[in-house]
Amino acid sequence: MSAEAASPLVERVRARLAAVSGPPSPAAVAALVREESGGLLGDRGVLDAVRAATDELSGAGALEPLLRTPGVTDVLVNGPDSVWIDRGSGLEPVDVRFVDEGAVRRLAVRLAASAGRRLDDASPWVDAGLPDGTRLHAVLPPVSGSGTCLSLRVLRRAVLSYADLAARGAFPGASADLLAAAVTARLAFLVTGGTGTGKTTVLSALLGLADPIDRVVLCEDAPELTPQHPHVVRLLTRPPNVEAAGAVTLRDLVRQALRMRPDRLVVGEVRGAEVVDLLAALNTGHDGGCGTVHVNRAADLPARLEALGGAAGLGRAAVHSQAAAALSLVVHLRRGPAGRHVAELGVVRRRGELIEVAAGWRADGGDCPARSELADLLGVQVPG
């Protein structure tokens, strides 16, 4: 059954089910499909129509099959006839179409409502997490000049172990042994890189190397980290409700985590004011803390921390002073033709009143001015 033929049928079924209280059962949906189709559909056609109607009512509609596709990390809708996906090798168009602009808008509004958020002319954009962990961002016209725009980030839980990643080439050269030594030495570190470089996956694997007696407290926007460790406590943020109340931020979680006797405090993604509390925590005896930060180069980390700390009211000198005392190591990742891998291990060191990140090991064999400093931190020899 073609999507063009199914759409009017699905619309009629959806309209009838909208008048029914409570979630419809699969049998009820199937009965309505047969009734609305006049009995002209075979078993396969009925199954396809039931699946389409169910996705339209409770899933992501025409996008649901894309979200279920293994390897897909992003689904982007620029308009009724422009749908793109990313499955690890860049964006590519797909042959998925919506009936019209109204269908895209209805889907965006329904997804926002499922996350407890409003999306209408008064609130023309939304950034929220869906119940299944998928990240939703939507913008309505006229803010979006090309019609309703949808961005869905599929959060695949990081379930690969350290050994799995090593087997896939994520730790080239000596980086596998050096990273294991960093975890054993309880160094505070940040995993950095651009979008899609595998920061969460690598951080999760590294946490699996922590001492089994450690109490690992995770602070996240969504449950992405899944370290293979026996003692993990997870804290999750919460968006505000439709009345703009009840929000729980990452900064709130970091403050609560400090009262939960963490051996390792972890912030899944440092991107706001929580950087102040994380740096403060790592300066008060909480060794081995870690997190991820978006930067293009390891050397750009000081500027990124400065910007985040400044937005939270912390002065430049204070940010650099706190970071110098709190952080030891930067694990920088890149995504290339050969896949995602550790590209550099950087040492955080002072340069006057500021800090810099100097390379201690590089996958490409480039200059490493901080090789001896990295060796001293890890207590192992760093190959040239």
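Which residues of α8 are buried?

**View 1. Helix α8 in a predicted model.** The buried residues of α8 are K199, V202, L203, S204, A205, L206 and L207, where buried means under 20% relative accessible area, exposed over 50% and partly exposed in between (1.4 Å probe, protein chains only). Helix α8 spans residues 199-207 and is mostly covered, with 7 of its 9 residues buried. Helices (H or I, at least four residues) and strands (E, at least two) are DSSP runs, numbered from the N terminus. This is a predicted model, in which local features need pLDDT of at least 70, side-chain atom pairs count only at pLDDT 80 or more, and totals for chains, interfaces and linings use all residues. Residues are numbered from 1 along each chain as its sequence is written, and side-chain values use heavy atoms, with hydrogens and water left out.

**View 2. The open sheet of 8 strands.** The strands follow the order β9-β8-β10-β11-β7-β12-β13-β14, with mixed pairing, and two strands pair if DSSP finds at least two bridges between them. At the edges are β9 (232-236) and β14 (354-362), each of which pairs on one side only.

**View 3. Strands β10 and β11.** Strand β10 (residues 264-267) runs parallel to strand β11 (residues 290-294), and 2 bridges join them. V266 has C290 in β11 as its bridge partner.

**View 4. Confidence along the protein.** The pLDDT, the predictor's confidence in each residue from 0 to 100, averages 86 for the protein, and 84% of the residues score at least 70. Over residues 1-6, however, the pLDDT is below 50. Where pLDDT is low, the predicted coordinates should not be read in detail.

Terms used. Contact means heavy atoms within 4.5 Å.
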